[in-house]
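Please consult the sequence and structure shown here while reading.

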Amino acid sequence: MALQDELEQAQTAALAAFAAATDAAAVEAVRVAWLGRSGRIKALQQGFGAASPEEKRQLGPLFNTVMEALKAALVDAQARVSSAETDVPIDLTLPERPRPVGSVHPLSQVAEEVERIFSSMGYAVVDGPHIEADEFNFGRLNIPPDHPARDSQDTFWLDLPGAAEKRLLRTHTSSVQSRTYQQVGLGKLTPPFRRVVVGKVFRYEAVDATHDNTFTQVEGFVVDRDITVAHLIGTIRTMLTAVLRRDDVEVRLRPSFFPFVEPGFEVDVRLTSAEPGSRFARWVELLGCGMIHPRVLEAGGIDPAEWQGFAFGLGLERLAMIRHGIADIRVFNGADLRSLEQFGAYG
Ligand code: FA5
């Protein structure tokens, strides 16, 4: 076929292709196929080299006309598809794209409830440092150096530059009791008072389904006149009923030893609805408690003949486990959102 015919046919086909393209990607594909560096027009141009000078004189202007026509068709097609794209109507009836929303960590949720319940009973919500002196974590709580009670609360010791003695990561929130009683001795606080602390504690502990090395305790303590074990038990019952909100909870109080209380008890809980052999069919230790030891009050400058009190220290993870029937404490720090999100909603 003569080059002239080929050029004319190419022009007809390319113009038809530009006219048929309905979006930007299709226009670009037509451009590449016809006007691109390896396109059809380039191939025809190469056939030019073999033509006679006479043919070249005739074909030159024709070639230019074809190129102009195709470039104009390209510009037209681009304008057509871009205005068509912006004219697309917005469909307001389409469903909204789901937006991920975080959930409240089950521990934060239970912590908040515990604080609310104690606030309603007249307790002040207080806090204390994670890095403690031996004096507050042990000494003022009637646990002198070499006391065997230290064995059950081994911890992480810190050699801080410039500190006269080693510090430790507190093993229990009872350290906030010591700090509070010291305030009385310093003349900054006077009984009566009721306080509650929710905070992290740390122990050198083998981790299993009910033990972690970093966990949360709730410490509650009251110093007032004529305080008895009945007040202690009544307070714990009120708190458990309000937080657990289940009717299958059985509670047991048994004598126990803590150097900073006398008498001392532990409270265990089990669920009567639990499958036999499952975790909550057995007793789970939930808290230690007792009447504040006179020596602990004296260490803070409080006269035990005038003032008495009770104190308790509860494992918040265990409380949340019982409330939600969570069989393994590692869920809380495990960072598996699929587990945590199930318990995160308020309700
Ligand atoms: C204490 O820490 C005492 N300070 C509690 C106390 C306070 C007694 C005031 C008397 C008066 P104990 O080591 O038993 O005691 O811990 C208290 C609670 O913390 C336990 O009943 C348990 O619920 C929780 N707990 C203890 N160790 C762990 C652990 N490794 N992981 C998770 N929870 C724990």
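## The largest pocket

The volume of the largest pocket is about 640 Å³. On a 1 Å grid over the protein atoms alone, a pocket is an open set of points where a 1.4 Å probe fits, with protein on both sides within 12 Å along at least five of seven lines; lining residues have an atom within 4 Å of a point. Grid points are joined across faces, edges and corners, and a volume is the space filled by probe spheres set on the points. The model is predicted: local features need pLDDT of at least 70, side-chain atom pairs count only at pLDDT 80 or more, and totals for chains, interfaces and linings use all residues. Residues are numbered from 1 along each chain as its sequence is written, and side-chain values use heavy atoms, with hydrogens and water left out.

The lining of this pocket comprises 35 residues, and Gln153, Arg203, Gln217, Phe258 and Glu285 lie nearest the centre. Strand S9 supplies the largest share of the lining, six residues. Helices (H or I, at least four residues) and strands (E, at least two) are DSSP runs, numbered from the N terminus.

## The ligand and its shell

The ligand sits in the largest pocket, meaning that more than half of its atoms lie within 2 Å of the grid points of the pocket. Elements giving two or more residues to the shell are helix H7 (174-185) and strands S6 (214-224), S8 (261-271), S9 (284-292) and S10 (308-315). In total, 27 residues surround the ligand, each with a heavy atom within 4 Å of it. His172, Ser174, Arg203, Glu285 and Leu286 are the closest.

By class, the shell holds 10 nonpolar, 10 polar and seven charged residues. Nonpolar here denotes Ala, Val, Leu, Ile, Met, Phe, Trp, Tyr, Cys and Pro; charged denotes Asp, Glu, Lys and Arg; the others, Gly among them, are polar.

## Polar contacts

A polar contact is a pair of N or O atoms within 3.5 Å. A polar side-chain atom of Glu205 lies 2.9 Å from a ligand nitrogen atom. The protein covers 95% of the 670 Å² of accessible area (Shrake-Rupley method, 1.4 Å probe) that the ligand has on its own.

## Backbone geometry

The peptide bond from Glu262 to Pro263 is cis, with omega near -5°, and Pro263 belongs to strand S8.

How values were computed: A polar contact is a pair of N or O atoms within 3.5 Å; within protein, one must be able to donate a hydrogen and the other to accept it, and residues adjacent in sequence count only if both atoms are side-chain atoms.
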